[in-house]
Amino acid sequence: MASFDTNVDHGETRAMEINAIGWVFTGISIAAVSLKLFARIDSKRFGWDDFFIVLSLALSVIATAFVSYSVTLGLGRHTATVVSEYGIERYEQSAYWQIIAYPFNIVGY
């Protein structure tokens with residue numbers, strides 16, 4: 001059975017970077033879609049592409065929320081740190097919610 005390195009810096013975390021990247025790019029997406037829809041309001045010609053871009057944005061927000069929740073469970077920290085502080089169940093939950101987010105990202109793009 002494979003094991004993981006337990007000789008790590010338990011204070012090291014990338015949680016803030018994961019959340020910042022996810023939410024900043026989601027915010028940029030929200031701004032871009034809002035500007036596109038605002039430009040379409042004047043012509044009142046909403047098409048099928050507008051529906052799909054809003055659907056894609058909604059799925060992207062859901063995926064980012066799942067990844068953000070996964071960060072609160074331990075994503076971004078060393079495996080050894082999460083397991084030693086909370087147990088293997090917490091690590092599995094973190095991986096579960098991150099995996100759940102993948103289909104939303106795939107469908108959203």
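Which residues make a nonpolar surface patch of about 410 Å²? The patch is built from Ile-21, Val-24, Phe-25 and Ile-28. Patch members have over 30% relative accessible area and no salt bridge, with nonpolar side chains (Val, Leu, Ile, Met, Phe, Trp, Tyr) joined within 5 Å and like charges within 9 Å. Areas come from the Shrake-Rupley method with a 1.4 Å probe, and for residues only the protein chains shown count as cover.

This is a predicted model, in which local features need pLDDT of at least 70 and side-chain atom pairs count only at pLDDT 80 or more, while totals for chains, interfaces and linings use all residues. Residues are numbered from 1 along each chain as its sequence is written, and side-chain values use heavy atoms, leaving out hydrogens and water.

Ile-28 counts as partly exposed because its relative accessibility is 48% (buried is under 20%, exposed over 50%, partly exposed in between).

Now for the charges. Six salt bridges turn up, each a side-chain nitrogen of Lys or Arg within 4 Å of a carboxyl oxygen of Asp or Glu. One of them links Arg-14 and Glu-17, with the closest N and O atoms 3.9 Å apart; Glu-17 is partly exposed at 36%. Asp-49 pairs with Arg-40 at 3.2 Å. Arg-77 and Glu-85 come to 3.1 Å. Salt bridges with shared partners also tie Lys-36, Arg-40, Asp-49 and Asp-50 into one network.

Methods. Buried < 20%, exposed > 50% of the residue type's maximum accessible area, 1.4 Å probe, protein only.
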